[in-house]
Amino acid sequence: MTTITTRTVEYPADNLTMIGHLALPAGTGRRPAVLIGPEGVGLSDVERRRAEALAELGYVALAFDLHGGRYLADPDDMLARCMPLLSDPDRMRGIGHAALDVLRAEPRADPDRTAAVGYGTGGAIALELGRDGVDLRAIGTVNALTTGRPGEAARIRCPVWAGVGSEDPIMSPVQRDAFTAELEAAGVDWRLVVYGGALHAFHHPTVDHIVRPGVGYHPRHAERAWRDIVALLTECLPVTD
């Protein structure tokens, strides 16, 4: 296994002190960089491990924070924080830009070769960075088929890959259609993968607290979605010596 290093990074965003997890690949040279956004509950060891897995593949990876170091295990607390956030593109962009600035300022990161990958609320933030015209090489989302303000999808300058469970009650077929129609009308290079039989947050291992109905882990599709994200990065943001 490739030797990597990790550290905690603190930075301001959304009137909070965010606490992200930065993972660096072996070596000393600059490498392509990936921003990783968590589900609405907030940054957890799941995203930290994904950042580390990407570092093992040669990427500089930052798993960013949503809630100022908090993990919102109570569904009501999570919704109270996330629903206003998801309805405010400018707030989402602010959180995304703050994390992206930290990532691009890392000496090991190549600021001209970055991508954003996100899950749930973190995926919505990745999409809003694209709609804000940020220079990204790729955007990957799971459970985040969110639509934006009219016309702004035309600012997306990179391929977009999206994954969703077929039985996800939050990202319904109507939501899927609206999302893909927005990207198609904007001329975006997009792909949507629907994982049969999977619920919302199918990628996230089972947790020890109450979750909303319609949420559930699907190990086989979780592994497939991860491979699809790695394939996206390999295509659009290859690691080269």
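**View 1. The buried residues of helix 6 are His221, Ala222, Ala225, Ile229, Val230, Leu232, Leu233 and Cys236.** Here buried means under 20% relative accessible area, exposed means over 50%, and partly exposed lies in between, with a 1.4 Å probe and protein chains only. The model is predicted, so that local features need pLDDT of at least 70 and side-chain atom pairs count only at pLDDT 80 or more, whereas totals for chains, interfaces and linings use all residues. Residues are numbered from 1 along each chain as its sequence is written, and side-chain values use heavy atoms, with hydrogens and water left out. Helix 6 (residues 219-236) has 18 residues and reaches 26 Å from its first C-alpha to its last, close to the 26 Å expected at 1.5 Å a residue, where the expected span is 1.5 Å times one less than the number of residues. Helices (H or I, at least four residues) and strands (E, at least two) are DSSP runs, numbered from the N terminus. The buried residues of this helix pack against strand 3 (31-37), helix 1, strand 5 (109-119), strand 6 (139-142), strand 7 and strand 8, contact being heavy atoms within 4.5 Å.

**View 2. Tyr59 sits in the loop between helix 1 (45-56) and strand 4.** Tyr59 counts as buried because its relative accessible area is 4%. Leaving aside residues up to four places away in sequence, Tyr59 touches Ala23, Pro25, Pro32, Val34, Leu54, Leu233, Thr234, Leu237, Pro238 and Val239. Its side chain also reaches the backbone oxygen of Leu233 at 3.4 Å; a polar contact is a pair of N or O atoms within 3.5 Å, of which, within protein, one must be able to donate a hydrogen and the other to accept it, and residues adjacent in sequence count only if both atoms are side-chain atoms.

**View 3. His67 lies in the loop between strand 4 (60-63) and helix 2 (75-86).** Its relative accessibility is 1%, and His67 is therefore classed as buried. The side chains of His67 and Arg81 are joined by a polar contact of 3.0 Å. Not counting residues up to four places away in sequence, the residues that His67 touches include Leu16, Met18, Val41, Leu72 and Cys82.

**View 4. The largest nonpolar core has 40 residues, of which Leu35, Phe64, Leu103, Ile139, Ile156 and Val160 touch the most other members.** Such a core is a set of buried Ala, Val, Leu, Ile, Met, Phe, Trp, Tyr and Cys residues joined through side-chain atoms within 4.5 Å. Helix 3 (residues 89-105) supplies the largest share of this core, six residues. Apart from this core lies another, of 25 residues, among them Leu43, Leu54, Tyr59 and Val117.

**View 5. Strand 1 (residues 5-13) and strand 2 (residues 16-24) run antiparallel and are joined by nine bridges.** Two strands pair if DSSP finds at least two bridges between them. Arg7 has Leu22 of strand 2 as its bridge partner, and in the hairpin, which has two residues between the strands, Asp14 takes a positive phi near 55°.

**View 6. Strand 7 (residues 160-165) pairs with strand 8 (residues 190-195) in the parallel sense over six bridges.** Val160 stands opposite Trp190 in strand 8. From strand 7 the chain passes through helix 5 (residues 173-185) to strand 8 in a right-handed β-α-β crossover, right-handed meaning that, with the strands pointing away from the viewer, the path from the first strand over the helix to the second runs clockwise.
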